[in-house]
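Subject: Structure handover

Hello,

The structure is below, for your files. My notes on one residue and the strand around it follow.

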Amino acid sequence: MTTGALIFAFNNEQIDYVAMANWTAGNIHRHLNIPVCLVTDRLPALPHVFDRVVIAAPEGAGQRYFSDYDTTVTWHNTNRMDAYKLSPWNQTLVLDADYVVASNHLSSVLASDRDFVCHRWATDVTGLQTFEDLNYFGNHRMPMWWATVMMFRRSAAAELLFDSMQMIRDNWTHYRNLYKNPNPTYRNDHALSIALNTLNGNTLCVDSIPGTLASLTPDHRLTQLDKDSYRVDFLTPDKKARWITLTQDFHAMGKQQLGAIVANPL
């Protein structure tokens, strides 16, 4: 059985997602020792470390405001349901380009015997935010499963899940109204959550990755200390300066600071 990682990366006016994906691919090679396939709309510049590149046109484009850039940019984020048909691997680890792989933690996810797993909960690495607004969506507070890290095996169950995500994306206005979601922007996380719950009989009983998705919001300062060590500076609610060291995997929600690290790697 072949195993590998898959990263979708479509650049926009501000963010070089392909450069992030290339940096992440290097981390995957070091820590997980698996090949990496990039899905993008044009061949990446050499040199790069991708083992395979799949060219795919971005399917639609939305607009999203990024607080760290203080601007609204084009957001190509509707191709994720194509992971099943585009992946060259039998077992695939799908990662966001801004997911920082700093350990071999994801090896345990690859060892799972499930056909599909992802995270149910995300947490703030500083402990300052509850993420109540991120772990649920819509007026009915639909629990959200995160598409940031997904593992699937080629199977009828996994194929049906990705087909369901595509159906939801193609009929997003209907599902947005059904789940009373005030946010008009399509998100893979929302489509994934609806598909998982539907296929599990609307029971909210879904196999998930153990633990939480460690996440860093853009309002904190991220710098790199060493190859797999990062510093996070932040202010407490009473305006006291604090910092922590991260030596674990995490989701860097602030693209500008991660972009600076990628452009000047240690």
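V39 is found in strand β2, residues 36-40; strands here are DSSP runs of E with at least two residues, helices are runs of H or I with at least four, and both are numbered from the N terminus. This is a predicted model: local features need pLDDT of at least 70, side-chain atom pairs count only at pLDDT 80 or more, and totals for chains, interfaces and linings use all residues. Residues are numbered from 1 along each chain as its sequence is written, and side-chain values use heavy atoms, without hydrogens and water.

V39 has a relative accessible area of 0%, so it is buried (under 20%; exposed is over 50%, partly exposed in between; 1.4 Å probe, protein chains only). Beyond its neighbours within four places in sequence, V39 is in contact (heavy atoms within 4.5 Å) with L6, I7, F8, A9, F10, V54, A56 and L86. The C-alpha atoms of V39 and I55 are 5.9 Å apart, at a sequence separation of 16 residues.

Five of the five residues of β2 are buried. On one side these are V36, L38 and T40, on the other C37 and V39.

β2 pairs (at least two DSSP bridges between the strands) in the parallel sense with strand β1, residues 3-8, over four bridges. The chain passes from β1 through helix α1, residues 17-32, to β2 in a right-handed β-α-β crossover (clockwise from the first strand over the helix to the second, with the strands pointing away from the viewer). I7 has L38 as its bridge partner in β2.

Strand β3, residues 52-55, also pairs with β2 in the parallel sense over four bridges. There, R52 stands opposite C37.

Regards
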